[in-house]
Structure formats: C-alpha cells, structure tokens
Amino acid sequence: MYQPNKVMIWTDTFANNKQSNIFTTELGENNARLAALNRQDIRVIVGNPPYSVGQESANDDNQNDHYEELDARLAATYVQETASSNKNKLYDSYIRAYRWASDRIGNQGVIGFVTNAGWLDSSSADGMRKCITEEFNSIYIYHLKGNARTQGVQRQKEKDNVFGEGSRAPVAIVFLVKNPRSSDRGKIYFHAVDDYLTREEKLAALKRDRSISNTSMNVIVPDAHGDWFNQRDDSFSHFMRMDGKKAKEPAIFKNFSLGVATGRDAWCYNFSKNVLSSNIHRMIDNYERIRLESIKSENFVLTKNPVEISWNSNLEQRLNKNTIIKFDNNALCKSFYRPFIPSNLYFHVDLIARRYQLASIFPNNSAENLVICSSGVDNLVICINQNAKDAGQIALMTDHIADLHFNGDTQCFPRWLPGEQTKGAEGSLDFGESKEMPSGFSQDALPHFQAAYPGKPITEDDLFYYIYGILHSEDYRTGYANNLMKELPRIPRVATYEQFMAFVEAGQELARLHVHFEDVELYTGVKIEFTKIGQPSYRVTQMKWGKIKGKTGNAAKDKTTLIYNDWITVKNIPLEAQEYVVNKKSALDWVVERACVSIDKVSDIVNDFNDYAADMGSERYPLDLFLKVITVSLQTMEIVKGLPKLEIHPLDK
C-alpha cells in the first residue's frame, strides 16, 4: 500500500516560511513538517540551486519572484559591498541560494553547492566574494569550466559542460565551511580540471578525485578589491578614469552611456527602412487595438501574441496608463547592431526598453557625433585564466547609435553632447559648427594631459584620438587586462609628447578606418571565382567559410576561402585579416555571420541584408563589404603593431 513520503516538504525555499500554513490546501501533514523544519538547527545544506536571470521579454510571462526578506539581506550584504554598477545580477536565483543558505546555517555548518561559477570572477560579484570570505572560515572550489560564452582558444579550453549542451555557464562545486572554533577566516582552496576535457573526461576526473580531501588544491589570497582570480594592477588607479557620470574623482568624459537596449530587436531593427517602418506600424496598430479593447471591457485580460506585439514592462505600463502611441518617422535612424553591420533602428522612447543617455549623444537622426565604444566590464576576460589577447580589441568607434552588444556590453564615450545644446526659439536644435556643440569632455580632462607636456599644443580632438590609440595598444590591453575585465578604462599619460602625438595619429587613422569603413578601398588580393555560367547573382543568404577535409567544428573552417553564394566563391583571403578581433570575433567573422537573411523564431519577422544593399543602390554591397573589411582588418593590425611601446609618464607612476 502507498505510504506518503515523511521527509519531503513542498515549499518555496526562498520565501519567508516562518508561517507553517504556507499552503492553504489540506496539506496539513506537509505544513506540520515545514513547521518542524523551521525549528531545526540546520548545519548542512547540499544542493544544485536553480539558475535563472529572469525572462527575456514580457511575452515569456516568466519573471523571477521577488522575496522581500531574502532580497533585503542581499541588498544589505552582497549588493552593498559591490563596487559594480551592475547590481541586478546579484539577484539571480543561484546567488540568492548562497545568501539564503549562509543565513540558514547560522554561525556554524557546511554548504555544498553545484552552481554557475560566474560569481568567482565577475566584477558584479565582488561584493559577494567579500562577504563570503568574511562569513566563512574555509572555502573549497572545484572548478569544472565549460563556459560556452567564450570564444577562440579559450572556448576550446573550456570544452564541454558537465550538464551537457543544456547549460552555457561554467560550473563549479563549492563547499563553504563555518566553524566558530577555527582561527582561520576566508581561507580559499582552489582546484580546476585540465583544459580541453570532454564531459566524460570531467566526470571521470570527479570520480577519480572522489573528495576534496583527495584533491590537490591551491590557496588563493584575495586582494583589496575582492578579486580572487586575475587580480588587478593597483598602478591602474593612478590613471585618469574615462567615466565621470557619478565619479568622486576627476574624469575625462562628462557623460557616457550603455548602447541601446531595445528589448525587441527583431521589431526595432531591420536592414530595410521600409520593412522596419511596416513592422513598427503593425505593432502600434495592434497595441492601439488592444488599448481600446482594454477600455471597453471591464474584464479585460491581456493575451500576449508575440507575432503581433513584443511586450515588455515599459509597454505594459503604457497600456495600463491608457497611453496613446503614434508612429514617428523622425525616430527612424541608422544604427550599428554588431561590428561593421549597419542597420536601421526605430529609436523612440515608446518602444525602446532602455535608451540610457543616448538621447543626449544622438538627440535626433541627423545629429553628427563620434563615440568610442568600449567593451564593458566582464567582456574583456570572462573566465578564469583566459588569455587577454583572445578577447581582441576593446574599443570600436562609430558615428551612429550603437546597440548594447555592438561591442560587448557597449559603453559609449562621446566627443560631443549635442543633446545638451540649448533649444532655439522654435524648439529645434541648431548645432551650428561642431566646435559650438557642448563638448563631451569634462573641464578637468584637457588640463590634466596638458600638464604632462608643458608648452606643447594639445586640443580636445587630439585627446579624443589619443584615447582611441591607447585603447588599441597591446601593451595597455594585456598589461591591465585584469583591471579592464572589472572596471572601465583609465587612460595613462605617456612618457613624452612625441609618444602622445604618435598615439594621436594612430587613433586618427584607426578612426578613419572604423568609422568610414564603407569608403575604404576593396581588397584586391583575393581571387573571385564564378561557379556558374551567365550573369552572376550577388544576392546573399548566408555566407560560409570553406571547409577543410578530415576536420570538424571550427578547425574545419578554411578561412582563406569564402563561399559567398551559389554563384561566387572568394579565394586567397589572407589569414592575417583574422587577427583583427573585436567583440570576441574577427571583423570578417561578423560580416560572414550577420550579413545574411534571417527569420526571427518568435515573431516570424524577416531581416534581409540584401534590402540594405538595395537601399545603398548596389546589389553587390555584401561582397564589397566583405572585401572592404579585409582592408580594414589588415590596416588596423598594421597600425596596432606599429604603436609605440607604452611608457608611463612620471606624473602617473
């Protein structure tokens, strides 16, 4: 005869379960066990906590729950102690599990978790690491790697995830020990499996090691920043910081912004301006229909159809407030979605989830400006022991609005702030000459650099291009890689004025290549083969690299050959062009991946790069773009390799 389980308890672990009647059903036995558990002095908690960053869009209807008591504890500990501005990640479910378990065992006990390992080295979790070293005597970490969000050589080293293809996050087994009788505090013991291991090999290593006591471990000593791995060079703090929005110290730029986060990319971006306009009209029409239905019906229930509308919290708030939305043709503008991939964007507050400070940088679709887009923290190096050079360049300049993921988690530093211009009598913005626009630099920036080279002429334009040159310096990127993965760039003053001007000139040339890449010369060293007889078609569906026989995966890609379409194959592509890496891929890889025809799986919206080619008046635009980016890549690396050795001025030592 069936006997009910006398141990298992149905409950929401993170909720306040002090009340034994958490269920209003007749589960009296369950509630009694829950009440008994709440009275227990728990000393051991073992588990595989859930990992969830929440829903991708409101269409998912899958928001993380809010736990008032637990989240207050998070806010008072992990969140309060972090130096990062990105605090939302600290409310992920698995991090909540660490906070809950630490509180539940009180002043003594053991926690054993198998979780996402991202917190071990991310900038947003520095406060969590500080608290854990304070709260626990001993910390044991068995790192299983498997980070699928890496690229290149590092991706190969991470290899398989122990949970299979269902997980993209690195995984670690973590034991945390509270022992009030121990004099140790925050002692960290670390072991990582070897590189290049398959899932089966990692599981075999676990079986072989059996326990923490059988495993050889290194002792980790945290630094003052709460870093356990990839610890920072403190001399970096001597340089002037770029971001000055909330800084308590002098900074170079008055304002900066994350790239645009539409919350509905398939709808708000399109290679065709006409298709984009049609999609936005359709979504607004559907919204207005639903808005009117909500007014008429007392029992209105919102039904979310992702083919009609991409919902998010902003749009739902507008619906709840009965806000009328109208199409604004002036919101259509050129943008950059990924490196060297131009697109059209509908940049309107009604349908953009987060515009951040971009309205001050690009206040209208005709505003002229330049922005240095730096990859945000956690993007240069995103896993333990990754070679910084694998991540490539950390900056890319553009003259249009950039997407949030244009270059990592894109931070945009502007030359000008035209949105701060005083409006004219008729309410329009008259920028006049560029020198009349409000500068993006703080009043401290130029004097700070001029002080290093007395009597030498330096303008704000010089400084802007100098910064761009410095951000491309391999000495800078590798020497301060551990700092750059956890904080935004700081800019040093170089030893001599001649070196300063060399970086200025390099920055100018790099800016010309990257901003005006559509105007550079086609690379002529390739061989273009036509595989059919007749008038060739330049229409592209999905470019592909050639294939090397006998190999699989990335190793099978022959990057000297591009299969453009059924008509055209491009051969003799110089492999040196692959050295120009930005946002973790080569510039050519971005063209191959994104200059295509795609169909959004949720909305069924088609995004066709050939439409952009048609708008540009050239059917062969995709092919020409590829050839131009070869030129950009080769010339960029030539400039980067010719940069002066980074020698720091005595004032910054």
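This is a predicted model: local features need pLDDT of at least 70, side-chain atom pairs count only at pLDDT 80 or more; totals for chains, interfaces and linings use all residues.
Trainee: What share of the residues of the chain counts as buried?
Mentor: The chain holds 18 helices and 25 strands, and its accessible surface comes to about 31300 Å², with 48% of that belonging to carbon and sulfur atoms. A residue is taken as buried when its relative accessible area is under 20%. Of the 653 residues, the share that counts as buried is 51%.

Trainee: Why do the buried residues of α9 lie on the same side of the helix, and which helix do they pack against?
Mentor: In helix α9, residues 313-320, the buried residues are N314, L315, R318 and L319. They lie on the same side of α9 because they cover an arc of only 140° around the axis. An α-helix has 3.6 residues a turn, so residues three or four places apart point the same way. The helix against which the buried residues of α9 pack is α8 (273-296).

Trainee: Which residue stands opposite S257?
Mentor: Four strands make up an open antiparallel sheet in the order β9-β16-β13-β14, and the edge strands, each pairing on one side only, are β9 (257-258) and β14 (395-398). Strand β9 pairs with β16, residues 411-414, in the antiparallel sense over two bridges. Within β16, the residue opposite S257 is C412.

Trainee: What angle does the direction of α12 make with that of β14?
Mentor: Helix α12, residues 460-471, packs on this sheet and touches β13 (371-374), β14 and β16. The angle between the direction of α12 and that of β14 is about 145°.

How values were computed. Residues are numbered from 1 along each chain as its sequence is written. Side-chain values use heavy atoms; hydrogens and water are left out. Buried means under 20% relative accessible area, exposed over 50%, partly exposed in between (1.4 Å probe, protein chains only). Accessible areas come from the Shrake-Rupley method with a 1.4 Å probe; for residues, only the protein chains shown count as cover. The arc is that of the directions from the helix axis to the C-beta atoms. Contact means heavy atoms within 4.5 Å. Two strands pair if DSSP finds at least two bridges between them. Axes are lines fitted to C-alpha atoms, for helices over the stretch in contact, and angles run from 0 to 180 degrees between N-to-C directions.
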